[in-house]
Amino acid sequence: NTQPVIGSLVINTTFGTNSLGAIAVINGKIIVGGRVGARFSSADGASWTQLPALSQDRVVGYAFGNGRHVQIGSNGFTAISTDGETWQTGSLGAYEPANGTAFGQGLFVVTTVAAFDSVSFRSKIFSSPDGVAWTERYSTPGGGLAVPRFGNGAFTVFSDDGTNVGRLLRSTDGIAWSQQASLPATSSSMLEFANGLFFFGSGTG
């Protein structure tokens, strides 16, 4: 692929117009996923190879734990692998528009976003020890739950109820959840964890 150079920055055109939604390192290779189940692999971040799609769902999350890789798709699609090569597909259960995943305390945690074509029009949190059997742990009407983050021994999720007021939800085990704080919310609010700290940002973009 042609790779234009701007100064010392190389623009990689491998992905074309594919909007990427997840990134992970599996077996020493960088794996990114995007729309319609698209997946790409690279050993150096410069040269990329397209991998077979596991579903038509947009890839929204990867996580590793308990000796297995878990991929999450936008419509509740799931896939697990113990070697990063052979995958077993499944789902969260009923159609649930998933938003992302994280691993901690021996559990995979997935958040979903309420949508008009979802089963219950509720945003939910699911957990699973193996990526196969999922249990609903939390539910809230409308709005959405952002990608879960794990750090400092706990999961934290930002919840937007659609009224410009958001909440931080916290769980030390991925099972029982409690509200920790209320924060101003916009369509671009996000939560990240790095260097031992959680960072919250809210804008108008």
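## Aromatic pairs

In this predicted model, ring pairs link Phe150, Phe155 and Trp177 into a cluster. The structure holds three aromatic pairs. In one of them, the ring centres of Phe103 and Phe108 lie 4.8 Å apart and the ring planes stand at 55 degrees, so this pair is tilted.

Phe108, with a relative accessible area of 0%, is buried.

## The nonpolar core

Phe108 is also one of the 11 residues of the largest nonpolar core, whose other members include Val60, Ala63, Val70, Ile72 and Ile80, as well as Leu92, Ala98, Val110, Phe126 and Trp134. Two or more residues of this core come from each of the elements β7 (59-65), β8 (68-73) and β12 (107-112).

Which residues does Leu92 touch, if those up to four places away in sequence are not counted? Leu92 touches Ala98, Val110, Phe126 and Trp134, and also Gly76, Thr78 and Thr112.

## The open sheet of four strands

The strands of an open sheet are arranged in the order β7-β8-β9-β10, and their pairing is antiparallel. Strands β7 and β10 (88-91) stand at the edges and have a single partner strand each, so one side of each is left without a neighbour in the sheet. From one strand to the next, the twist averages 20 degrees.

Within this sheet, β8 is joined by four bridges to the antiparallel strand β9, which covers residues 77-81. Val70 has Ile80 in β9 as its bridge partner, and both Val70 and Ile80 belong to the largest nonpolar core. Gly67 is found in the loop between β7 and β8, where this glycine is partly exposed, with a relative accessible area of 43%. Although Gly67 and Thr82 are 15 residues apart in sequence, their C-alpha atoms are 6.2 Å apart in space.

## Strand β5 and its two partners

Strands of a sheet pair through backbone hydrogen bonds, in either a parallel or an antiparallel sense. Strand β5 (residues 39-42) pairs with strand β4 (residues 29-34) in the antiparallel sense over four bridges, and here Ile30 stands opposite Ser42 in β5. The hairpin of β4 and β5 has four residues between the strands, and in this hairpin Val36 takes a positive phi near 50 degrees.

Strand β5 is also joined by three bridges to strand β6 (residues 49-51), and these two strands run antiparallel. Phe40 stands opposite Gln50 in β6. Six residues lie between β5 and β6 in the hairpin they form, and Gly45 in the turn has a positive phi of about 80 degrees.

In a regular strand, side chains alternate between the two faces of the sheet. In β5, Arg39 and Ser41 point one way while Phe40 and Ser42 point the other way, and all of these residues are buried.

How many bridges join strand β13 (residues 122-128) to strand β14 (residues 135-141)? There are six bridges between β13 and β14, and the two strands run antiparallel. One of the facing positions is that of Ser123, which stands opposite Thr140 in β14. The hairpin formed by β13 and β14 has six residues between the strands, and Gly131 in its turn has a positive phi of about 80 degrees.

Key: Residues are numbered from 1 along each chain as its sequence is written. This is a predicted model: local features need pLDDT of at least 70, side-chain atom pairs count only at pLDDT 80 or more; totals for chains, interfaces and linings use all residues. Side-chain values use heavy atoms; hydrogens and water are left out. A nonpolar core is a set of buried Ala, Val, Leu, Ile, Met, Phe, Trp, Tyr and Cys residues joined through side-chain atoms within 4.5 Å. Buried means under 20% relative accessible area, exposed over 50%, partly exposed in between (1.4 Å probe, protein chains only). Contact means heavy atoms within 4.5 Å. Two strands pair if DSSP finds at least two bridges between them. Axes are lines fitted to C-alpha atoms, for helices over the stretch in contact, and angles run from 0 to 180 degrees between N-to-C directions. Rings of Phe, Tyr and Trp (its six-membered ring) pair if their centres lie within 6.5 Å; planes under 30 degrees apart count as stacked, over 60 as edge-to-face and the rest as tilted.
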